[in-house]
Amino acid sequence: MQLELLESLFDKTCKTKNYTYTYGTAGFRDKAAVLDTVMFTTGIIASLRSMSHQGKAVGVMITASHNPPMDNGVKIIEPDGSMLSQSWESLATNLANITANENFLKSIEFIKNLIISLNIDSNIIPSIVVGMDSRESSPRLMNCLLSTLSPIFNAKIINHNMLTTPQLHFLTAYQNENCNIIPAEKITVNQYDTNFQTAFNDLLKLYEIKNFNNCFNNLIVDCANGIGAPQFENFIKGLPQSNLIKFINNNYKHPDTLNNSCGADFVKTQQKLPAGVNDDPSLLTDSNLYCSFDGDADRIIFYYIDQTNKFHLLDGDKIATLFAKFLKKLLLLANLNDIKLGIVQTAYANGSSTTYVSNTLNVPVSCTKTGVKHLHHEAQTAYDIGIYFEANGHGTILFSNNFYSKVQSCLEITKDESITKACKTLLAFSKVINQTVGDAIADLLGVVATLLISEMKPYQWDQQYTDLPNLLSKVIVPDRNVFKTTDQERKLTSPPGLQNKMDTLINKIEMGRAFVRASGTEDAVRIYCEGKNAEDVKKLSKDIEALIMAEVN
Ligand code: NG1
Ligand code: ZN
């Protein structure tokens with residue numbers, strides 16, 4: 001480690017000064033033009049994180065997910081593939097802000113103190129795995145990131161270049177798990193592909209499924225013109241029936257089109273079909289299943305149209321309930337009643353889904369703050385099978401060690417064929433899921449497998465429950481940081497008095513529910529409203545927006 005080299009690199013790389021960065025819901029996010037300094041400091045933090053894990057590989061992904069093309073961002077991945085530990089988020093924020101606002105000596109002092117207080121052995125060589133999405137600014141920001149890794153830390157760098165966020169999470173964990181058998185430089189996205197293709201094919205073999213037409217004619221995949229396009233186009237070469245998969249918005253080589261009138265965020269918030277479906281009439285039929293990835297393919301939502309061409313959304317809440325129903329049935333078949341299955345949602349989950357999970361599925365449901373790190377933690381600590389999804393389609397399923405040992409021992413003891421099959425299905429299904437993080441590709445495989453095994457068409461899946469009318473909107477305010485919340489972000493504590501005024505409006509409408517919080521990824525305040533009647537919901541949303549504007553102006 002040669003910290004003395006930092007000064008000249010600071011001057012060369014950190015052009016953005018007098019700026020405040022925050023490690024938010026999903027890492028640092030901002031206009032790409034101001035991210036040079038924070039890329040530089042993130043390289044330092046990632047190296048220290050790897051050293052604090054005795055040189056295990058730590059991942060760094062450059063992406064701004066669903067945000068517009070001129071934005072970008074960066075997030076750090078722990079050696080086990082999970083998101084950066086929360087205690088390090090503030091360290092990352094502090095170093096970025098000291099570097100952007102104070103002098104070089106202060107930054108060096110901060111780094112040295114960190115090394116001492118965390119007891120980091122400075123002789124350890126860090127190992128960093130890097131990747132980026134398809135944005136125009138990503139290669140430039142990658143250079144800012146890499147500028148510290150080699151000269152200062154002499155880090156071992158594996159550069160996967162362009163890939164999806166979940167692919168990088170998976171490969172970071174894979175590299176650490178297999179470090180004694182596979183040299184890091186031999187690890188490529190092929191390992192990811194083979195792993196999930198094999199898992200999916202093995203699961204279908206259990207049920208001898210060869211034909212997908214019982215569930216849909218075509219699967220139309222909207223890739224948001226992002227990195228999911230080339231990655232999934234390549235991935236499906238290892239799937240059966242891949243000729244049924246049709247791509248739209250796969251123009252990732254034109255980064256200016258990223259997330260533009262397409263992608264998971266657009267479809268979920270606008271509640272309508274993305275661009276591209278209407279261009280080709282053969283794509284528009286009620287026998288197709290549609291899905292949209294977001295810009296870095298860690299979110300997916302599904303939808304279909306009925307015979308009258310009406311659009312129906314199958315969002316993250318619907319994915320969670322589909323999986324919960326399927327897994328609960330398998331647990332019952334295998335008599336594995338002591339495996340604790342639960343769903344984790346955020347306040348953005350539709351009220352109908354929460355009622356359905358508790359009252360119809362009889363599955364416990366938890367609510368956490370927005371941001372998958374919160375859901376992930378709850379799923380991991382509260383359940384043996386923790387299904388977590390944000391309504392926007394960001395989520396996965398976590399299977400505990402207790403789950404694996406109980407299913408395995410049941411399999412060893414039982415002579416009953418249906419119990420054996422249920423246990424084998426549970427184990428095979430758990431491999432289809434990317435347990436490091438929400439993954440559009442793995443979640444797609446999980447949904448398709450569930451529909452095929454359950455012989456369910458999209459409209460039957462949709463019949464589980466009917467969403468309450470809802471509206472998600474955002475307003476730009478001078479300072480979103482004045483909006484502070486409590487109760488898993490469902491109630492405002494600041495600005496004072498605003499929540500009371502909102503409650504008066506909410507109480508006026510039937511089944512009304514609404515909340516307001518500052519976004520962690522955009523410079524905006526989000527308003528969520530739902531109620532029994534769509535017109536009431538629209539009005540409530542407008543009224544709350546007016547309250548906010550009156551408050552801040
Ligand atoms: P913010 O901008 O903090 O609301 C958004 C999503 C989160 C999460 C992150 C990361 C909504 C309402 N919020 O966060 O759920 O997915 O982006 O991508 O969808
Ligand atoms: Zn994303």
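Phe 403 is buried, with a relative accessible area of 0%. Buried here means under 20% relative accessible area, exposed means over 50%, and partly exposed lies in between (1.4 Å probe, protein chains only). This is a predicted model, where local features need pLDDT of at least 70, side-chain atom pairs count only at pLDDT 80 or more, and totals for chains, interfaces and linings use all residues. Residues are numbered from 1 along each chain as its sequence is written, chains are lettered from A and ligands numbered from 1 in the order written, and side-chain values use heavy atoms, without hydrogens or water.

**Aromatic rings**

The whole structure holds 28 aromatic pairs. One of them joins Phe 399 and Phe 403 in a tilted arrangement, 4.9 Å centre to centre with 50° between the planes. Rings of Phe, Tyr and Trp (its six-membered ring) pair if their centres lie within 6.5 Å; planes under 30 degrees apart are stacked, over 60 edge-to-face, and the rest tilted. Phe 399 is buried too, at 7% relative accessible area. Elsewhere, ring pairs build a cluster from Phe 170, Tyr 174, Tyr 192, Phe 196, Phe 232, Phe 235, Phe 247 and Phe 293.

Two lysines sit over tyrosine rings. Lys 318 places its charged end over Tyr 465, 4.2 Å from the ring centre. Lys 421 lies over the face of Tyr 207, with 4.1 Å to the ring centre. The rule asks for NZ of Lys or CZ of Arg within 6 Å of the ring centre and within 35 degrees of the ring normal.

**Ligand 1**

Ligand 1 is surrounded by 15 residues (a heavy atom within 4 Å). The closest are Glu 390, Ser 519, Gly 520, Thr 521 and Arg 526. By class, the shell has two nonpolar, eight polar and five charged residues.

Taken alone, ligand 1 exposes 430 Å², and the protein buries 96% of that (Shrake-Rupley method, 1.4 Å probe).

**Cysteines**

The disulfide count is zero (cysteine sulfur atoms within 2.5 Å). Cys 14 is in no disulfide; its nearest cysteine sulfur, in Cys 144, is 8.0 Å away. Cys 14 counts as buried at 3% relative accessibility. Cys 291 is buried, at 0% relative accessibility.

Notes
Nonpolar A, V, L, I, M, F, W, Y, C, P; charged D, E, K, R; others polar.
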